[in-house]
Amino acid sequence: MGETQHIRPALSGMNIQELERTLAGLPGDAPYRAGQIFSRISRGARSFAEMTNLPGPLRETLAERFSIRGSTTLEKQEDRDGTVKLRMGLAGGASVETVLLVSEPGDRLTACLSTQAGCPLGCVFCKTGSIGFFRNLETGEIVDQVLALSDLVRDRGKRISRMVIMGMGEPLLNLPALREALDILCDPRGFGFSKRKITLSTSGVYRGILDMAKNGPWTDLALSITTAREELRRRLMPGSAGDPLDRIKEALELYQKKIKRRITLEAVLLGGINTTGADAQALADFARGLSVVVNLIPWNPVEGLDFDKQALRKPPPEEIARFRRMLESRGLGVSTRYRRGRSICGACGQLGTLPAQGEDAAVAALPSLSYNSSTDSGSQPR
Ligand code: SAH
Ligand code: SF4
């Protein structure tokens with residue numbers, strides 16, 4: 001107990017080889033010890049003292065030099081429907097949110113993970129986009145979210161059954177760290193999660209999708225299309241403007257060839273804006289040649305967001321049903337996403353913690369992002 005976080009390097013973001021290198025020089029057989037520690041971390045160990053399968057002196061040395069996790073849970077909020085949102089404090093003072101979604105009968109537990117503190121893409125309908133961008137999360141900070149959410153369910157003898165990369169930030173602008181985190185989480189010697197039970201949602205970073213097709217992670221993919229009317233999409237998702245839909249579609253075709261799984265097209269429905277016949281037709285045209293299901297997400301209200309000087313509004317049920325029929329009559333499979341966690345703002349697009357005080361410096365220190373063209377515009381709070 002009692003490791004001070006943030007000072008000593010954390011082990012949770014290391015894969016077995018990295019752990020092995022870190023342990024070299026300490027007493028004992030490094031590969032063997034690395035495997036033991038890796039497995040204990042994934043099973044929720046919070047201190048080296050509880051790793052009773054390690055010799056006492058090694059536990060003490062480890063506790064002096066390392067911490068287990070690099071982030072701490074600052075706040076926990078629970079919704080009546082079982083959704084839990086955690087605010088995780090990160091090194092340097094930024095914070096990020098992570099959510100546990102509980103299915104209706106309580107049997108499916110889904111972890112919704114964040115990949116960036118804030119988001120540089122500035123979609124007009126999204127709370128995360130409205131707070132600006134602070135920094136990319138590190139590998140361990142992504143793994144820590146799963147560890148912290150697992151802590152909540154372990155006592156009840158449960159495990160996280162699905163992961164969705166749909167929290168704060170654009171995952172494909174932080175792909176190297178995310179890839180490493182998923183490799184750690186999917187390693188059978190630890191968490192042993194299946195990539196098939198992970199869905200990554202992207203706003204459509206073309207080069208990121210190509211990178212995924214080539215180098216993984218080969219998870220299920222969801223594209224936040226919002227609308228397939230290019231002009232309108234550019235205005236709603238200004239940070240994605242550099243990636244035209246025809247290129248995104250090419251990348252999706254390639255990715256689908258690789259994973260041979262259906263791709264989800266997510267459309268957040270903004271009342272009176274993207275639910276017209278033209279939107280339905282454009283979506284059907286976009287989907288041609290791909291195997292997709294369209295997921296309609298009625299907009300979750302976020303105060304203060306507007307478009308064309310008009311306050312955004314959630315569409316009434318009739319408007320959703322009409323749009324759904326228009327899509328179905330064009331041969332598309334459609335689902336409507338349930339909106340759990342509303343009362344704690346844990347639902348899609350409602351995540352957005354302002355950074356802790358004194359974090360202004362982080363805003364100035366924008367790291368260079370991997371796929372340049374699409375990230376120029378959205379780094380300022382809108
Ligand atoms: N940046 C990635 C993943 C996080 S956003 C992406 O954009 O795909 C996850 C989903 O939430 C996206 O499909 C986005 O369109 C949706 N979303 C954003 N704001 C929303 C809001 N206020 N209400 C409902 N869905 C929203
Ligand atoms: Fe970023 Fe996704 Fe929100 Fe757009 S919808 S601002 S890409 S988190």
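1. A residue is counted as near a molecule if one of its heavy atoms lies within 4 Å of that molecule. By this criterion the residues around ligand 2 are C119, L121, G122, C123, C126, G129, G169 and S203. This shell around ligand 2 divides into 4 nonpolar, 4 polar and no charged residues, where Ala, Val, Leu, Ile, Met, Phe, Trp, Tyr, Cys and Pro count as nonpolar, Asp, Glu, Lys and Arg as charged, and the others, Gly among them, as polar.

2. On the conventions, this is a predicted model in which local features need pLDDT of at least 70 and side-chain atom pairs count only at pLDDT 80 or more, while totals for chains, interfaces and linings use all residues. Residues are numbered from 1 along each chain as its sequence is written, chains are lettered from A and ligands numbered from 1 in the order in which they are written, and side-chain values use heavy atoms, with hydrogens and water left out.

3. Ligand 1 is surrounded by 20 residues, the closest being G169, S201, S224, W299 and N300, and G169 also belongs to the residues around ligand 2. The shell of ligand 1 comprises 10 nonpolar, 8 polar and 2 charged residues.

4. F125 takes part through its backbone, with an N or O atom 3.0 Å from a nitrogen atom of ligand 1. Of the 530 Å² of accessible area that ligand 1 has on its own, the protein covers 96%, as computed by the Shrake-Rupley method with a 1.4 Å probe. Two or more residues of the shell come from each of strand 8 (198-202), strand 10 (263-269) and strand 11 (292-298), with strands taken as DSSP runs of E of at least two residues, helices as runs of H or I of at least four, and both numbered from the N terminus.

5. The whole structure holds 3 cavities of 30 Å³ or more, a cavity being a set of points, on a 1 Å grid over the protein atoms alone, where a 1.4 Å probe fits but cannot get out, with lining residues having an atom within 4 Å of a point. The largest cavity contains about 80 Å³ of space, a volume being the space filled by probe spheres set on points joined across faces, edges and corners. Among the residues lining this largest cavity are M14, F38, V143 and F191, and by class its lining has 8 nonpolar, 2 polar and no charged residues. Helix 2 (30-42) gives the largest share of that lining, 3 residues.

6. A cis peptide bond with omega of about 5° joins G216 and P217, and P217 sits in the loop between helix 7 (206-215) and strand 9 (220-224). D308 has a positive phi of about 55° although it is not a glycine, and this residue is found in the loop between strand 12 (306-307) and strand 13 (310-311).

Definitions and conventions: A polar contact is a pair of N or O atoms within 3.5 Å; within protein, one must be able to donate a hydrogen and the other to accept it, and residues adjacent in sequence count only if both atoms are side-chain atoms. On a 1 Å grid over the protein atoms alone, a cavity is a set of points where a 1.4 Å probe fits but cannot get out, and a pocket is an open set with protein on both sides within 12 Å along at least five of seven lines; lining residues have an atom within 4 Å of a point.
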